[in-house]
Amino acid sequence: MTLLKEPPTLVWPTATVRDSYLSGERADCVAEGRAMEWLGPAADDFDAFVAQRRGEQIRWGVPSTLFWYVSGEHYLGTLVVRHELTPELAEAGGHVGYHVVRPWRRQGHATRMLAAGLAECRRLGLDRVLLTCDVDNEPSRRVIRANGGIPDGQAHGEDRFWITLGAA
């Protein structure tokens, strides 16, 4: 296990983590049997890949902001904040989505990354956020609960949780 020299932080995508990003995402694709074709163009022009992910953009039909969780040159994961909900996102998907790449899992990073993401939600003026996870994803359920998630049933094969955000 690599020791991090500085505490991880939530930042806009950055080219400084190129090698770590590509290797972490590749490891996830291999482990999960997902296609890796998108990694080729990302590797070919990583600066353009990063530029396309920075700032507020419309994703899933709503304004969204994408963040990477990094420590120096190490990419640990991604977090997305959807600034509002469509009827579909209100059923499954929610305001916040996140993942930690395999080399960095089971070290508490997801819990801390979500806490940082909730601070971004507060900054956007959200009072309450919805998070969802697959019903068989116990690690994600623990992360959400550790950040104040209150269960709100299931929809479309996903557990639903609401987190009420206090003042910043």
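Student: Is C29 buried or exposed?

Tutor: C29 counts as buried, at 1% relative accessibility. Buried means under 20% relative accessible area, exposed over 50%, and partly exposed in between, with a 1.4 Å probe and protein chains only.

Student: What should I know about the model itself?

Tutor: This is a predicted model: local features need pLDDT of at least 70, side-chain atom pairs count only at pLDDT 80 or more, and totals for chains, interfaces and linings use all residues. Residues are numbered from 1 along each chain as its sequence is written, and side-chain values use heavy atoms, leaving out hydrogens and water.

Student: Back to cysteines. How many disulfides are there?

Tutor: The structure holds zero disulfides. A disulfide here is a pair of cysteine sulfur atoms within 2.5 Å. C133 is in none; its nearest cysteine sulfur, that of C121, is 16 Å away.

Student: And C133, buried or exposed?

Tutor: C133 is buried, at 4% relative accessibility.

Student: New topic: aromatics. How many aromatic pairs are there?

Tutor: The count comes to nine aromatic pairs. The rule: rings of Phe, Tyr and Trp (its six-membered ring) pair if their centres lie within 6.5 Å; planes under 30 degrees apart are stacked, over 60 edge-to-face, and the rest tilted. Y21 and W68 form a stacked pair, 4.5 Å centre to centre with 20° between the planes.

Student: Which parts does that pair tie together?

Tutor: Y21 lies in helix α1 (residues 18–32) and W68 in strand β3 (residues 62–71), so the pair ties together parts 47 residues apart in sequence. Helices (H or I, at least four residues) and strands (E, at least two) are DSSP runs, numbered from the N terminus. Y21 is buried at 5% relative accessible area, and W68 is buried at 1%.

Student: How is F46 placed against W68?

Tutor: Their ring centres are 6.1 Å apart and the planes are at 35°, so that pair is tilted. F46 lies in helix α3 (residues 46–51) and W68 in β3, so this pair ties together parts 22 residues apart in sequence. F46 is buried too, at 4%.

Student: Which residues form the aromatic cluster?

Tutor: Y21, W38, F46, F49, W68 and Y75 form one aromatic cluster.

Student: Which charged ends sit over rings?

Tutor: The charged end of R82 sits over the ring of W60, 4.5 Å from its centre. The criterion is NZ of Lys or CZ of Arg within 6 Å of the ring centre and within 35 degrees of the ring normal.

Student: Now sheets. What is the strand order in the open sheet of three strands?

Tutor: The order is β6-β8-β7, with antiparallel pairing. Two strands pair if DSSP finds at least two bridges between them.

Student: Why is one side of β6 and of β7 left without a neighbour?

Tutor: β6 (128–134) and β7 (150–155) stand at the edges with a single partner strand each, so one side of each has no neighbour in the sheet. Neighbouring strands are turned by 30° against each other on average, direction ignored. Axes are lines fitted to C-alpha atoms, for helices over the stretch in contact, and angles run from 0 to 180 degrees between N-to-C directions.

Student: How many bridges join β7 to β8?

Tutor: Four bridges join β7 to β8 (residues 158–164). P151 has F161 in β8 as its bridge partner.

Student: Which helix lies across β6, β7 and β8?

Tutor: Helix α6 (residues 138–146) does, running at about 165° to β6. Contact means heavy atoms within 4.5 Å.
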